[in-house]
Each structure stands twice: as structure tokens, then as C-alpha cells.
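Here are a few friendly notes to read alongside the coordinates.

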Amino acid sequence: SLVDLPGYGFARVKRELQLDWEALVLAYLERSKSLRRVVCLVDASAGLSREDTQLWEAIQRAGRRLMVVLTKVDLCHPEDLHRNVAEIIAALQPLDRDLVWPYLHAVSAEHDLGMRELRASLAADSLGGLGLD
């Protein structure tokens, strides 16, 4: 199954509702029996946020696998893209490597850049292939 958290960290809602969402997400990370991997989408033009790294830490604490996907790379100047990729790789370094997918995907759905590789990575784990076991 796939669970989407649209706008998590960016939604313009009352703080109380954000805290409720956070509690719900943390409970799901800890209790789900079928959760195999968490895919975190990072907007290439916005870069890494504090909410992203906090979510990664929660994913690690729950003992879940993390895959990071840099999206909308076509909208990013090459120098900015390079800087954002380096920042993400640096932020992933302190995490448990057994719980981090070993490839940072950079994609553009609009121009179909990197999408085949992302689909292959998603399929590999779901089919029991390239898992991190």
C-alpha cells in the first residue's frame, strides 16, 4: 500500500492541526505492520527543510527504511541542484545506513527524467529484490 502525506510540513493550517498530523504520522511509523519503506519527496527548487530532517529522524527512530527523492529537478538551476544534492547527502550521512536507501533519486515527472530508475527502485523493494536486508 502507498500512503501520501501531501504538503506535510508545508500545509498552511493551524499549529494544533499540524501537531495532530505529526502525532498521527509518528504513530503510523511506529505501529504499521506493512510499512516497508518511507519515500520522502524533496522539492529541488526549495531544498531540504527542517521538517524533512525531523521526519527522517522519526523514521530512523521507528526503525523504518528511508528513500529520498529530489523532485522537480527541471525547475532548478544546475548549480542549485548540485548544492541541494550535496546538502541532502550530508544530512543523510549520520543516519543508520541500513535504513537509508543507497541511491538518491533526482526526478522530473514532467520531462520523465529519472522516473524509470525511481520505478525500478520502488519495484525492487516491493518484489523483494534489491531490499536492504
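1. Gln-60 is buried, because its relative accessible area is 15% and the cut-off for buried is under 20%. Please keep in mind that this is a predicted model. Gln-60 sits in helix α2. Apart from neighbours within four places in sequence, the residues in contact with Gln-60 are Leu-95, Asp-96, Leu-99 and Val-100.

2. Which residues of α2 are buried? Gln-60 is listed together with Asp-52, Leu-55, Trp-56, Ala-58 and Ile-59. The cover over the buried residues of α2 includes α1, β1, β2 (66–71) and α3 (78–92).

3. The length of α2 is as it should be: its 12 residues should span 16 Å at 1.5 Å a residue, and the 17 Å between its end C-alpha atoms agrees with that. Just after α2 comes Gly-63, with a positive phi of about 75°.

4. Now for the helix pair. Two packed helices are described by the angle between their axes and the distance between the axes. Here, α1 (residues 15–31) packs with α2 (residues 50–61) at an angle of about 30°, and their axes are 9 Å apart. That angle makes α1 roughly parallel to α2, because angles under 35 degrees count as roughly parallel. The crossing of α1 and α2 is right-handed.

5. Which residues make the contact between these two helices? From α1 come Val-25, Leu-26 and Leu-29, while α2 supplies Leu-55, Ala-58 and Ile-59. Sorted by class, the contact of α1 with α2 has six nonpolar residues, with no polar and no charged ones. For α2, Leu-55, Ala-58 and Ile-59 are also among the buried residues.

6. On its own, α1 has 17 residues and reaches 24 Å from its first C-alpha to its last, close to the 24 Å expected at 1.5 Å a residue. Val-25, Ala-27 and Leu-29 are buried in α1. The buried residues of α1 pack against β1 (38–43) and α2.

7. Ala-106 lies in strand β3 (residues 105–106). Setting aside neighbours within four places in sequence, Ala-106 is in contact with Leu-70, Val-73, Leu-113 and Gly-114.

8. Lys-72 is not a glycine, yet has a positive phi of about 55°. Lys-72 belongs to the loop between β2 and α3. With 42% relative accessibility, Lys-72 counts as partly exposed.

9. Where is Asp-112 found? Asp-112 is in the loop between β3 and α4 (115–126). Its phi is near 55°, again a positive value in a residue other than glycine.

Note on methods. Residues numbered from 1 in each chain as written. Predicted model: local features only at pLDDT ≥ 70, side-chain atom pairs only at ≥ 80, totals over all residues. Heavy atoms only, no water. Axes fitted to C-alpha atoms, helices over the stretch in contact; angles between N-to-C directions. Helix = DSSP H or I, 4+ residues; strand = E, 2+ residues; numbered from the N terminus. Parallel < 35°, antiparallel > 145°, perpendicular 65-115°, else oblique. Left-handed = near helix turned anticlockwise from the far one by under 90°. Contact = heavy atoms within 4.5 Å. Nonpolar A, V, L, I, M, F, W, Y, C, P; charged D, E, K, R; others polar. Expected span 1.5 Å × (residues − 1). Buried < 20%, exposed > 50% of the residue type's maximum accessible area, 1.4 Å probe, protein only.
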